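Me: I would like to go through this structure with you and ask, for each label, what stands behind the word.

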Amino acid sequence: MTLKVAYQGIPGAYSEGAAVEYFGEDALLIPCATFDLVFEKLLSREADRAALPFENSLAGTIYRNLDLLVANDDVHIVGEIDFRVRHCLMTKQDTDTSQVKQVFSHPMALAQCEGYMKDRGLVPVEGFDTAGSAQMLSDGELTENAGAIASRRTVDLYGLKLMEADIEDDEHNFTRFLILSLESAPRNVPGIGYKTSIAITLENKAGALCKALGIFSAVDLFMTKIESRHRRSFRGPSTTGNGDVEDKIWEYVFYIDIAADYNDPKTQTAVTLLQQITYVLPNTLISISTIEESRFKASFV
């Protein structure tokens, strides 16, 4: 069966590249204009899977997708992949590359190639996104003798001329994509290392976070990530009052990843203890699988 995979962006987007790297060229890819629409496609079963970015090694966390994940109880994380972001400079086939002066792309891509452009006297111009800039360049919608920064895939997709590849200033540019599904991940698969993601809120009192984190140490669980987020992003009971929105203004959600399966006895003990001193948000006890031999890429679809 051919899997239908939703992603945010247009053909040639880095999200599409991550989906292809994870699922292979045979997957039926469904481009979506927004992150919200990706979730809609998944929830309506128009898509079997979704590939969404959650964190970039240079730019940080994409909070909108965390918010959407917690807000949708039926969605499960079933895999992840670290996708290497490689920026390419391109122009139209009939453009003299020596005449290119302005370069269009997403603000983040421009920032990640700032040194390269400065050394060559190129002027950055902000566009909506990377693949969109490449498409506009191909359609003749940009200024004369313009260039664009986008993925290598866009060069062939939009009939452009590659000027130079790998122009990013920092080669350690990775985006962590999570693979989402309405079905949960398989359990106890040989050769698979599991990870569990949890989100909690705490009472506003001294030592609350310290006590919560101490639980993971006490049961010998390796915590791979922790990050805070304003509580007002979510709906649900307040930890400090009657549940009014005002009560959530200065409350926070803490996202925690641990290197263990949710069914692991250590994880079960930790969750039981956490529930005694925190509020664990629904749909956040989510296990995701990774191949131990190939860091951050799931072995199943």
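Me: Which residues in α6 are buried?

Reply: In this predicted model, the buried residues of α6 are Thr130, Ala131, Gly132, Ser133, Ala134 and Leu137. The word is used for a relative accessible area under 20%, and these residues pack against α1 (14-23), β6, β7, α4 (107-112), β9 and α7 (152-157).

Me: How is helix α6 placed on the strands, and what is its angle to β9?

Reply: Helix α6, residues 130-138, lies across β6, β7 and β9 (146-150), and runs at about 150° to β9. Angles over 145 degrees count as roughly antiparallel, so the value of about 150° puts α6 and β9 in that class.

Me: What makes Asp129 a cap of α6, and at which end?

Reply: Asp129 caps the N-terminal end, where one of its side-chain oxygens lies 2.5 Å from the backbone nitrogen of Gly132. After the helix comes Gly140, with a positive phi near 75°.

Me: Why is Thr91 called buried?

Reply: Thr91 has a relative accessibility of 0%, and the cut-off for buried is under 20%, so Thr91 counts as buried. Thr91 belongs to strand β6, residues 88-91, and, leaving aside residues up to four places away in sequence, it touches Thr97, Val100, Leu137, Ala146, Gly147, Leu160, Lys161 and Met163. Among these contacts is Ala146, whose backbone oxygen is reached by the side chain of Thr91 at 2.8 Å.

Me: What makes β8 and β10 edge strands, and in what order do the strands of their sheet follow?

Reply: The sheet is open and its five strands follow the order β8-β7-β9-β6-β10, with mixed pairing. Strands β8 (123-126) and β10 (161-164) are its edges, as each pairs on one side only. On average, neighbouring strands of this sheet are turned by 35° against each other, with direction ignored.

Me: How do you know that β7 and β8 are paired, and are they parallel or antiparallel?

Reply: Pairing asks for at least two bridges between two strands, and four bridges join β7 (residues 102-105) to β8, with the two running parallel. In one of these strands, β8, Pro124 is the bridge partner of Val103.

Me: How many bridges join β5 to β11, and in which direction do they run?

Reply: Eight bridges link β5 to β11 (residues 174-181), and the two strands run antiparallel. Phe83 has Thr175 as its bridge partner in β11. Strand β5, residues 76-84, is described as mostly covered, with seven of its nine residues buried.

Me: Why is α8 called roughly antiparallel to α9?

Reply: Helix α8 (residues 208-218) and helix α9 (residues 265-277) pack at an angle of about 170°, and their axes are 9 Å apart. Since the label applies to angles over 145 degrees, α8 is roughly antiparallel to α9. By class, their contact holds seven nonpolar residues, no polar ones and one charged residue. From α8 come Lys211, Ala212, Ile215 and Phe216, which meet Ala270, Leu273, Leu274 and Ile277 of α9.

How values were computed
Residues are numbered from 1 along each chain as its sequence is written. This is a predicted model: local features need pLDDT of at least 70, side-chain atom pairs count only at pLDDT 80 or more; totals for chains, interfaces and linings use all residues. Side-chain values use heavy atoms; hydrogens and water are left out. Buried means under 20% relative accessible area, exposed over 50%, partly exposed in between (1.4 Å probe, protein chains only). A polar contact is a pair of N or O atoms within 3.5 Å; within protein, one must be able to donate a hydrogen and the other to accept it, and residues adjacent in sequence count only if both atoms are side-chain atoms. Contact means heavy atoms within 4.5 Å. Axes are lines fitted to C-alpha atoms, for helices over the stretch in contact, and angles run from 0 to 180 degrees between N-to-C directions. Angles under 35 degrees count as roughly parallel, over 145 as roughly antiparallel, 65 to 115 as roughly perpendicular and the rest as oblique. Ala, Val, Leu, Ile, Met, Phe, Trp, Tyr, Cys and Pro count as nonpolar, Asp, Glu, Lys and Arg as charged, and the others, Gly among them, as polar.
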